[in-house]
Amino acid sequence: MSTPRPHDARSVLLVLTLFVIMTGTLAAQSASESGHSFGDGKANRPTPFASVDPQLQAIQIQADYSAKFQHGNETVRLLRGNCQIVQGSKRWMAPAAVLWELPDSGSSQKQYQVYLEASSEYSVTAETAARRTHEPLLLIDLESNMGLEHLGPEPTILPGASQDPVYLRASDKRNAESRPIRQAQYTLEVPGQSLPMLPAPQERIRQHVRISPKFLGGHIEAKGEVNEGSVPAEYVITITGGVNIVVDNVPLQIGNGQTVLSLVDLTADRAVIWTDANHVGDQGEFDIDQETPFQVYLEGSIVIRQGGNDIRASHAYYDLKNHRGLSMNTEIRSVLPDLQGTLRLRAAEVRQNSENSFHAKDAFLTTSEFGKPQWRAQASDVYIDKRYFGNENQINPVTGKPEGGMFFATSLNNVIYLGDVPVFAAPYLAGPAEDPHIPIRKLDVGYSGMFGATIESAWDLKTILGTDLPPSVDWQLLADWRSARGPGVGSRGLFELETDLFGMPTRHVGWGELYYTNDHGRDNLGYQRRDLPIFNDNRGMIVFRDRTDIGENTWLQFEAGHVFNDDRNFYEQYFERAWDTQKDLENVIVLNHQVDNLTASLQGSVVSNDFNDQTSWLPKADLTLLGQPLFGSPVIWSQHSSIGYGILNQAAPPPNPAQDPFTPLPYFADVEGAVMQTRHELSIPFAVGPVNFVPYALGEVAHWEENLNGDAMSRVYGKAGIRASVEFAKYMPEVQSRLLGLNGLAHKVTYDLDYSYARADGDLDEIAQYNQFDENAQERFRERLLPVEFGLPALPAQFDPRYYAVRTGAGSTVTAPYHELVGNMHSLWLGMHHRWQTKVGPPEAERIVDWMELDLGATIFPEADRDNFGETFGLVNGRYALHVSPRTTFLANGITDFFSGGQNVWDVGVLHQRGGRGSAYLGYRNVEVGPIDSKLITGSFSYVMSPNLYVMTAAAQFDIAEGIDRGESVTVTRIGENFLLHLGLGYDRSRNNVGVALSLEPKFGNFSNSSVQLNNLLGIR
């Protein structure tokens, strides 16, 4: 071990030397190729593109749904569902397509471009008289003297289709192929000058008005007169006796910037209509457009329906052209798909000031269906207006109007009632209009032996503070109290934003959390650590993770994570699930760039806390090239090189090792220096009949400025071998069994092997593990394993994770992130993979599913004494699954070694899932490794005891080997109209902890089979 020292000139020189070698290799490779292609990473595979010769036949197009709009001087058609493009003997089929009609070039032939896109179920199919091909996407050029023939209904005129995701992807693909200069605005060319031109006029949408009696067989009294005093002349229609007014082709926004044409249905006892006299030919029916004056006054039993919206009022006035209106004693019901339910707004007065601005007075909001709601959010004033987040200057050049955006609600003098009892008040709330504005996200009340009586709550800060944040940002306040520990407060948030960076589209996705608690108790972390002292009452942590996509091929990752006061047990005690399942807390920034099969990254990192085994990289560079043909030959070259300056931190021991057992891991030490390696593999894939062979040779040169002893160390590693595989299949359509769920049977099997011989001239025991292969939770367990389970001064080699990695080949691949884990090894790996498949579903839509699965594998070690502790066979593993029905599956898997103390781990079980009603699992797990012997019976089930009323979940574990239970839990959930009430009871033997919890959770929408909340309760995925 060496002490930290200044970074001398030798270190810098070594880093620069290897970096020059790596960049030289990159330059040579780039110069030898004609260029990189964007796509799926397969070398020399161009993006699917076909050029079709001009034809005299007309081009026929057909789809379940089609929309049409103008983009500049091009006419665009958006097609969805069973799309077909036919010209002569050629046919193209796809789930979605976009067709551009190109501007007239002066020739007799019209030109078109078509983009076709596959889905998760159906590919793009191209057919000619001689062949059929399938592609994930296709871009084709077409020409025709005869123009287009649109089969089926005429396409809907829909300017909003320019924001459809299919069209956006099609435009990106088209631009990537042609690389045109994008026009910033429409311009009119004038000799000698260039002047801006007004936006192209939007094609008017014809709207049809139909007036009829309110009831079938009824009669209306209508009086019409012309007001010549207005310009243009105004026609006034007065209607009594109950009237129904229907207006079609009214634009309706459905979210994500998309607009569809819908029908508005109005009924009332009496009505007055003002419109342009030139458009009225018949009082019963006439046509208008967006520029036609049309005003209507309704009175008595008013019902207005549009899309999923239902509006009822006593009096209403609306100006269709100017988007202004007023309604009295109004109730609005709107179906919200995201909430799987209905949102109700009732107000004394609702006023529409413009197309995107509304004001409601004396209003309340609720999701309750009862006449007298069980809960309501009441406000004196509610303002709703459309706001634009991120790229707010995005203007449609055709319409001249802003695109995107969403409705935002601001409410004053707010009170939330449960029944008639006020439970929350706020003078000002703001947020997305589709948000029901419930400020509380979670409220848990309970008791446990570790924390005492507990109250845990989460609050929506956007709603409480009324912050003007984008809808894709979620910001919460955490407020907790634990009688045995103390108060806690924090904040949690997640975001997804799209912005511009240096003119390039940029997307940010991430989340963060900050938490603090004043803790005056003691930690309980499980067996032999149930009463650990706390050395600082001020405890907490911060974590932040962000990924920024810059353009198409560059992304930046940033993470910050730190536990305050180097408190080694806080994260495990308060965030146990995150400690066990999420990635480690790190302080790291990584810049990545990828071009086809070439990836480069530059990383910098700093150790988060001294009690973790971690490496600071100041900095580290990686370069990876995969599957590159060498000089156009069948030889495939792959390589991974890295260089960096690493400062390895060995975990600091706990301040009380007698109470918290600890032994430092032998492959970490406080060392630092340059770490560099370059690893290359050459392979030659070929086939002999049905058998595929891949002989390969891999070589690596690595250097560490400081190893575990503080000395410089270099290593040369080489590996050569051959991989082979062959597939067989047998089809048995005659096999039919309703009992076994068989509708035909296909047996598919793959046999594969990997024979290799590897040598390394360096001792693995001397190499410091700069690149981690375990998470902090696993390393913490290993630090306790030696003193607790073995009672030995050093871990036996057969239980050392480094040698397990060498036996399995985890570090021997060209892209292995922990290149240290290689050594002398001679092995033959054998595997076979069986799939028995059948068909399910109706005859017209059958699909193939796996009925039974069986995977087996084993490794033969010719030099067993050196490589596998004296046993020729090892790492014998298997996995089995029998899908008895779509609901029931038998499962089994395991792995074993035959040397003394080797692993013998396996489990069997049965899983039953009944969608919408519940799930159940019963299994047995056997774990035998060295001194550890565990035989667990595990059971869990969840069930809806009565529809939309109660749900029960329970789980238990019992250890047969020791004859004791390991833990139990049971939860009963009461499903109310607006809230879920959870009552839970649990016992954890490891911590000797009994817990009781009462939790209140807002309920969104109904509890049908598609409800995410219900499926989470039942454990259904």
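**Notebook: one predicted chain**

I began with Ser-144, which is buried, its relative accessible area being 0%. I work here from a predicted model. Ser-144 belongs to strand S9, residues 137–144. I then looked up what its side chain reaches: a polar atom of the Ser-144 side chain lies 3.0 Å from the backbone nitrogen of Met-146.

**Whole chain**

I counted nine helices and 55 strands in the chain. Of its 1021 residues, 42% are buried. The accessible surface is about 50900 Å², and carbon and sulfur atoms hold 58% of that. I also looked at contacts with a separation of 6 or more: 56% of them join residues 24 or more positions apart.

**Asn-592**

Next I went to Asn-592, which sits in strand S36, residues 587–595. Is Asn-592 buried or exposed? Asn-592 counts as buried because its relative accessible area is 8%, and the cut-off is under 20%. Leaving out residues up to four places away in sequence, I found Asn-592 touching Asn-553, Thr-554, Trp-555, Gln-557, Ala-600 and Ser-601. Trp-555 is 37 residues from Asn-592 in sequence, yet their C-alpha atoms are 5.4 Å apart.

I then looked up the cores here. The largest nonpolar core has 23 residues, and those touching the most other members are Val-209, Ile-211, Ile-245, Ile-273 and Leu-298. Strands that each supply at least two residues of this core include S14 (207–213), S17 (243–255), S19 (270–276) and S21 (294–306). Strand S21 gives the largest share of this core, five residues.

I listed the neighbours of Ile-273, again without residues up to four places away in sequence. Ile-273 touches Ile-211, Tyr-235, Val-236, Ile-237, Ile-239, Ile-245, Phe-294, Gln-295 and Val-296. Another core, of 22 residues, lies apart from the largest one; Val-671, Leu-764, Ala-768 and Leu-875 are among its members.

**Helix H6**

I checked the length of H6, residues 776–790. Its 15 residues reach 21 Å from first C-alpha to last, close to the 21 Å expected at 1.5 Å a residue. Where does H6 bend? The bend is at Arg-784, by about 40°, and Pro-787 follows within four residues.

The buried residues I noted in H6 are Asn-776, Ala-777, Glu-779, Arg-780, Glu-783, Arg-784, Leu-785, Leu-786 and Phe-790. Just after H6, Gly-791 has a positive phi of about 65°.

**Helix H7**

I finished with H7, residues 801–808, where Pro-801, Arg-802, Ala-805, Val-806 and Arg-807 are buried. H6 is part of what covers them, and so are strand S45 (825–840), helix H8 (864–867) and strand S47 (873–883). At the start of H7, a side-chain oxygen of Asp-800 comes to within 2.9 Å of the backbone nitrogen of Arg-802. Just after H7, I found Gly-809 with a positive phi of about 75°.

Definitions and conventions. Residues numbered from 1 in each chain as written. Predicted model: local features only at pLDDT ≥ 70, side-chain atom pairs only at ≥ 80, totals over all residues. Heavy atoms only, no water. Buried < 20%, exposed > 50% of the residue type's maximum accessible area, 1.4 Å probe, protein only. Contact = heavy atoms within 4.5 Å. Areas by Shrake-Rupley, 256 points an atom, 1.4 Å probe, with all protein chains shown as cover. Core = buried A, V, L, I, M, F, W, Y, C linked by side-chain atoms within 4.5 Å. Expected span 1.5 Å × (residues − 1). Bend = angle between axes of the 7 residues up to and from the residue. Polar contact = N/O pair within 3.5 Å; in protein donor to acceptor, adjacent residues only side chain to side chain.
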